[in-house]
Amino acid sequence: MRVRHVVPVRIAQVLCASAAAALLFGYTDLVLGGTTVAPLLLVAGYVVLVPAVILTWR
Amino acid sequence: MAMTAHSVGTAVPKPSYGLAALVGVGVLALYVLTLAPTTAMWDASEYITAAYTLGIAHPPGNPLFVLLGRVASLVPAGSVALRINALAAVCSAASAALWYLVAERVLAAWSSPRWTRMLASVIAAVLGATAFTVWNQSVVNEKVYTVSLAFFAVVSWLTVRWCDEPDGRPADRLLVLIAYLIGLGYTNHPAGLLVGPAVAVAILVRKPATLLRWKLVLAGVVALGVGLTPFALEPIRAAWHPVMNEGEPTGCTQHIGVACTFSKTTAVRLMANINRDQYGKPDLSLRQAPFDAQMGMWWLYFKWQWLRDARGTQPGMQTVFGLVFLVLGILGGVTHWRLERASFWFFGPLVITVTFALVYYMNFKYGASQSPELRDVAREVRDRDYFYLWSFSTWSVWAALGLATLWRTMATRMTGTAPRWLATSPVLLIGVIPLAGNWRDASRAGETATREWAHDLLNSVEPYGILVTMGDNDTFPLWYAQEVEGVRKDVTVAVTSLLNTDWYPRGLQHRAVAAYAAAKGPAAYRDLPALRPARPLFSLTDAELDAIPEYIDVRDPQVFQAGTLRAIVDPRQLDVGVPTRGDLMVLRLIKDNLGVRPIYLARTSGGYVQALGLAPYAVMQGLAFRINATPVVSSMDVLPSTGGVHVDVKRTRALWNGFGAPAAMIRRGDWVDRPSVGIPFVYITTALMLADAVMAQGDTAKAGRLRRTAIEVAEAARLLDLLLPEAAARQPTTPASDVPRSRVIPLKPR
């Protein structure tokens, strides 16, 4: 689980932006009554992308 | 070959991630083989429905589970229930893989062949995966605890890794990730926090200076906060008023909006949900049972883990195995202490937290199966072994370490120049005892009776009927059938325990009644007029509904009049001795709908018909009592029965022919969950009543078939002894709610 090599800045930035976008669009769809795209985006954000952001945080 | 005293500072071997993944796949295969194909009793239907509809489950609402379950339900394979059951299996299989890694790390200090350490670690994973409660909860999504277990295992592995190397940025990232996962795990279930104290102890012992690094602490707090944000799902979804909207954590009465979402009402209701105010748990200083009895409950369930023995045929063996695994666990703890002190300071406190501290905190009454010789003690309505799933799972890791220690001792003490690993390896078979001993009782393969029960009960109600139910097992499966499978959505299900709340009656009031699909309904209703009701369930405004009191302090019989119906309500026969809000709601519902919509009480409501004085107006139709506007008159097809109610033989016989649960119960051949055994009992009594009726009509062949079915169901449910006349007093009672559904139910009057 440890990140032994230095993750390129670009990848870290992309992950961070992806996580933010997944949560933002996920909650937006949820507010609009979405029940399919919203959970997919929120699960991707919370379970995959945010942990990835933390592990690659510079 | 002495053991290494303290491994901190030694080189850390590379974890066998590949083998861990293989172990996880193997455990998943076991779970798939024993997976429930559909829903089950208790909370399974509630959680499946909540996930499928993206609704709000009972407090605290479990928003992360609802999200995960919703995503699982979108997988295009199998039924919706099967997909969500598979989510539980995947989470537990992942936990098993992580327990493998933890065990392997602890055993790394062994100076023995690598394969021996790997084999012992596989045993840890298998033992943890096949402990009864873990296995049983992993093959049907009855609770959200398998998701919690996965969080436990992930945090455990991350903490073990941090203990190996607590310095540097990678270590800091691990701590921040741990904080995030604890927060995220809390939004699945409050148990997510249980791992926190153990992490704190590990940090304090391994590198206390970490806590003085304010930037890192701040990052951890922020990460924890981000992890908690899925709770935002609750007010957002609640404002859309989904079918399941427990606690209604929103101030929005019509549509979602900024002002009503960010209102005090929303905040108060959301916090009430998160804090589970609805259940009104007593102060911890007020013990619901002596602490030694509560530990006795844990011990009872601990013994179940290694040999469930649901039929009670091997109590001695069960106790022996319980003692064996208790000793092995203690030995494993000692081994952990001696081999890998750093992670011991995490894992040891974790085991203590999820065992002793949890027993104290949960403060249960006596267990449903505990000390049956004690007659006058307050008991939980069902066995609560699932609350200790984390205890049994972590104990399994230690038990496997203890078993490995035993193996090592035997191998090194056998005569010869080298340890005799292979010759002594059969001792490891102890680790597969639960796999063999629990298969029959933990497996849910082929279990379809709950789904059939839901269909049968809904189909006992005429089109657009109202069905009053009493608790979890006669309500949640109906929600599942209606919302997930689309069965009889025209029936309004009103559960008395939730009618005691303020939000549930409001939800019923605003819910439109779905159209009746005559082609899919029972043939018995083909010729009945089915007019879709246009008006709300109650003839009251929301404010008037809210104004119905929590209870009225009336203890003497009262007259209830609804048109031509005149009933004598006897509060002394009610649950708490006075009419509660829920009882008043039921009476209001009858008053407003009698003659407009068919009104039924589920037969699982026990003596509720008599307590409300409705027996002269009640006629049994299938699995429910229909309430008529005038007293029921006996005829060729409507015969008097026990309890002052009549039986509509013609209708019940027609419905019986379409019932699916009896065949499902006979096919399955067992009913492991004893507290819900009242469900098969309803079918047994139905079959016997019908047999008597058709016998009186001269159809002896049909009567014989019905009696045989009754006996076969009784055999499957282990209720044969209750068919004896002298057993009437021991008949199963109404399936109760898993937990008190409302704090507004008053205590029994003095």
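Predicted model: local features only at pLDDT ≥ 70, side-chain atom pairs only at ≥ 80, totals over all residues.
Biologist: What makes chain B agree with a compact globule?

Modeller: A compact globule of 750 residues would have a radius of gyration near 27 Å, and chain B has 28 Å, which agrees. The C-alpha trace of chain B spans about 90 × 65 × 55 Å along its principal axes. Of its 750 residues, 54% count as buried. Chain B contains 30 helices and nine strands.

Biologist: Why are helix 4 and helix 7 of chain B called roughly parallel?

Modeller: The axes of helix 4 (residues 80–107) and helix 7 of chain B cross at roughly 25° and come within 8 Å. Angles under 35 degrees count as roughly parallel, so helix 4 of chain B is roughly parallel to helix 7 of chain B. The crossing of these two helices is left-handed.

Biologist: How do you know how helix 7 and helix 8 of chain B are oriented to each other?

Modeller: Helix 7 and helix 8 of chain B pack at an angle of about 165°, with their axes 10 Å apart. Angles over 145 degrees count as roughly antiparallel, and helix 7 and helix 8 of chain B are therefore roughly antiparallel to each other. Helix 7 of chain B passes helix 8 of chain B in a left-handed crossing. Among the residues making the contact are B:Phe151, B:Leu158 and B:Trp162 of helix 7 of chain B, and B:Leu174, B:Ile178 and B:Leu181 of helix 8 of chain B. The residues of this contact divide into 12 nonpolar, three polar and one charged.

Biologist: What makes helix 2 of chain B mostly covered?

Modeller: In helix 2 (residues 44–53) of chain B, 10 of its 10 residues are buried. They include B:Glu46, B:Tyr47 and B:Tyr52. The buried residues of helix 2 of chain B pack against helix 3, helix 4 and helix 21 (476–483) of chain B. Helix 2 of chain B is followed by B:Leu54, whose phi is positive, near 50°.

Biologist: What makes up the side of chain B that touches chain A, by class?

Modeller: In the contact between the chains, 22 residues of chain B meet 19 residues of chain A. Helix 3, helix 7, helix 8, helix 10 and helix 11 of chain B each supply at least two residues of the side that touches chain A. Helix 8 of chain B gives the largest share, six residues. By class, this side of chain B has 19 nonpolar, no polar and three charged residues.

Definitions and conventions: Residues numbered from 1 in each chain as written. Chains lettered and ligands numbered in written order. Contact = placed C-beta atoms within 7 Å. Helix = DSSP H or I, 4+ residues; strand = E, 2+ residues; numbered from the N terminus. Nonpolar A, V, L, I, M, F, W, Y, C, P; charged D, E, K, R; others polar. Axes fitted to C-alpha atoms, helices over the stretch in contact; angles between N-to-C directions. Parallel < 35°, antiparallel > 145°, perpendicular 65-115°, else oblique. Left-handed = near helix turned anticlockwise from the far one by under 90°. Rg over C-alpha atoms; globule rule 2.2 N^0.38 Å. Buried ≥ 20, exposed ≤ 12 C-beta atoms within 10 Å, placed from the backbone.
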